[in-house]
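Welcome! Take a moment to look over the sequence and the 3D structure, and then we can walk through some of the details together.

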Amino acid sequence: MENLFRNLVYTGVGFVALTKKKFEEAVETLVTEEKISSKEGKKLVDEFVKNTESKVSEFEGQMKNVVEKVVKSLSFATTTDLDALRNRVAVLEAVLASKLKEDAK
């Protein structure tokens, strides 16, 4: 499931990169055709990149929230849960090993 969400995020990032490239090409065409100045074109691209980066961050945050909700609703064990269980097993193994040593005497 984690791979599914990771792939979705990567797809979104890839889409943004492609969109940025197409936007830059469109602005470059406008500059070449002298419909806008080079300075205006650079400003447009910079604003687009800035807005896109904030939207990507916002999207990643939303995806993280969705994943956390899904994980909670499916009652998956968290890393904290697994670490606690590992610690309990280690303690029980130590107690059992000690008990076995005592019984062997």
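## Confidence in the model

The protein chain has a mean pLDDT of 85, with 97% of its residues reaching 70 or more. Keep in mind that this is a predicted model. Among the elements of the chain, helix α3 has the highest mean pLDDT, 94, while helix α1 (residues 2-32) has the lowest, 80.

## Salt bridges

How many salt bridges does a search of the whole structure find? The search finds six. Side chains of opposite charge can pair when their charged atoms come close.

One of these pairs is K22 and E25, whose side chains meet at 3.9 Å, N to O. Both residues lie in helix α1, three residues apart, or about one turn of the helix. K55 is exposed, at 52% relative accessible area, whereas E58 is partly exposed at 41%.

K35 also forms a salt bridge, with E33, and here the closest N and O atoms are 3.4 Å apart. K35 counts as exposed because its relative accessibility is 59%; E33, at 45%, counts as partly exposed.

## Two residues in the helices

Now find D83 in helix α3 (residues 79-104). D83 counts as partly exposed, at 37% relative accessibility. The C-alpha atoms of D83 and V56 are separated by 32 Å, and the two residues are 27 residues apart along the chain.

Definitions and conventions:
Residues numbered from 1 in each chain as written. Heavy atoms only, no water. Helix = DSSP H or I, 4+ residues; strand = E, 2+ residues; numbered from the N terminus. Buried < 20%, exposed > 50% of the residue type's maximum accessible area, 1.4 Å probe, protein only. pLDDT = per-residue confidence, 0-100. Salt bridge = Lys/Arg side-chain N within 4 Å of Asp/Glu carboxyl O.
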